[in-house]
Amino acid sequence: MSSALELGDLRKSFGGLPAMNGVSLRVEAGERRLIIGPNGAGKTTLFNLITGDLERDSGSIRLFGHEVSRLKPHQRAHRGLARTYQIITLFPKDSLQHNIVLSLLGLRRMRWGTFKALARYTEVEEEAREVLKRVGLEHLSRRPIAEVAYGEKRRLEIAMALAQKPKLLLLDEPLAGLSREERAAMKDLIGRIPREVTVVMIEHDMDTALDLAERITVLHYGSVIVEGTRAEIIADPKTREVYLGD
Amino acid sequence: MKWARWALLAVALAAFPWIAGEYYINLTSQIFIAATFAASLNLLVGYGGLPSLGHASWLGLAAYLSAWMSLKLGLGHALTAPAALLGTTLVACAFGWISLRATGLGFLMITLALSQVLWGTAYRWVSVTDGDNGLRGLTRPAPFGISLDGATSFYYFALAVTVVAITLMAMFVASPFGAALRGTRDQPRRMSALGHDVWTVRWITFVYSAFWGAVSGLLFVYYNKYIHPASLSITSSAEALLGVIAGGSGTLAGPIVGAAIIMLLKNYVSAYIERWNMLMGFVFVLIVIFMPEGVVPGVRRLYLRLRKWRTG
């Protein structure tokens, strides 16, 4: 069986400045992978290259054995890819439920429908409430995004991606800015993501993130420095070098 | 309650020619045409977040195509109307493809440039357009044998077309596609990550908006029985954009109210004040100061505040 994600010698520069220096990486189906690295290591750039928000300069990106590096972001979404954003990227004027509806529409043919009113597709509204229930936000379904708390927006970020029923989910700092209680709840939510979904996560909070991940990749200046299990990463002197600058 | 208000509006519009004089009937017909035109632009500006300064292209092109086919080819209205709509829509397919290489200011400039090309062509291609003289001697159609030459019959014709146009545009906005369109306005990156084809959504909207612009162009040329390059000018595009913004972009009633304000200022006030353009500018400054979101959302906000204040 082919890997969920396979990157081969992926490169990207911004105006001559290399941001991704030939990254090769393999994530198996069902795996939980954590990507760490200091600021500016290229973690979010890596995500943007995988989703197609940025075009790669060279190298290959394979999703479940299919080369996708020439596909547009929405075409990659149709191949089972979903992501969340480090900076909250929701539809602020709309209700939580409508946010989820937009997510549900993305992969359905009915998104091209121009005559029947959206409000009359009751099954979609129903499913959106179902998704919100799963992440514990059902009681806020009618509220506009602008009126809910930061922690709730973070949860909705993940709910949007989960509503797509992805095969590969990229989480970009899902714990950023959360209080300790909220972190515990978020950890629980991520822990409950079914095993059919492969998860790749960027996170700075090691205490929480290390528990969720099976394998860890350390990124530095756009290159993979170390890759391995938790114990291997901690034991490797290169990790310390990257983080402490010895 | 809601349908009672609609019924009242319908009765008022239907009864209007019975109580008003010819001048006001004609003025209202022109408001209908301007409202359809502004509403079509609103799909792009208000719901798609794509400000265009070239929307006059669609009104002007449809009007010119229809006029040219009937004058120079001698074709009847039953043929020229669908042909003009089709031709305009096809040109919009190409213009949209070019303009949507950019968004925001870039999009605004490309739409402006392309419409200037059409405007210049209308001025210079004298053998086809009669240049600055415009195309004259046109007739109004007579659907089902009913002559539209009278003010009242044309009023009902324009009203019917406008109601159909606005209803179909309202349905478009309320549909899943309309929701996706608003999504591409607010968060295009997230939309593509969710599987929405942002470019195609915008392009379809561009073409659809141009189609209704073309419909208003037909009404325009039927009403005036004359078409001049000025209808393709940036002034004509800007007027519609002002109407959308003044009335309230991204609302259904906004462009209708905005178009009505402009038409009233242009036709009614200009009869009394020569410098009506100055007055129009003044009115817009007032709108921007007191209701920056537009008249329709602004009045709604003031009404809600008043009600709150009354109930304590």
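What radius of gyration would a compact globule with 312 residues have, and what does chain B have? I found that the globule would be near 20 Å and that chain B has 20 Å, which agrees. The radius is taken over C-alpha atoms, and the globule rule is 2.2 Å times the number of residues to the power 0.38.

A note on the source: this is a predicted model, where local features need pLDDT of at least 70, side-chain atom pairs count only at pLDDT 80 or more, and totals for chains, interfaces and linings use all residues. Residues are numbered from 1 along each chain as its sequence is written, while chains are lettered from A and ligands numbered from 1 in the order in which they are written.

Next I looked up the fold. Chain B has 14 helices and 0 strands (DSSP runs numbered from the N terminus: H or I of at least four residues for helices, E of at least two for strands). Of its 312 residues, 47% count as buried, meaning 20 or more other C-beta atoms, placed from the backbone, within 10 Å of a residue's own.

Then I turned to α1(B). Of its 18 residues, the number buried is 1, so α1(B) lies largely in the open. I also saw that α1(B) bends by about 30° at L13(B), with P17(B) following within four residues; the bend is the angle between axes fitted to the seven residues ending there and the seven starting there.

Last, I checked the contact between the chains: 26 residues come from chain A and 19 from chain B (C-beta atoms, placed from the backbone, within 7 Å). On the chain B side, α8(B) gives the largest share, 6 residues.

Notes
Contact = placed C-beta atoms within 7 Å. Buried ≥ 20, exposed ≤ 12 C-beta atoms within 10 Å, placed from the backbone.
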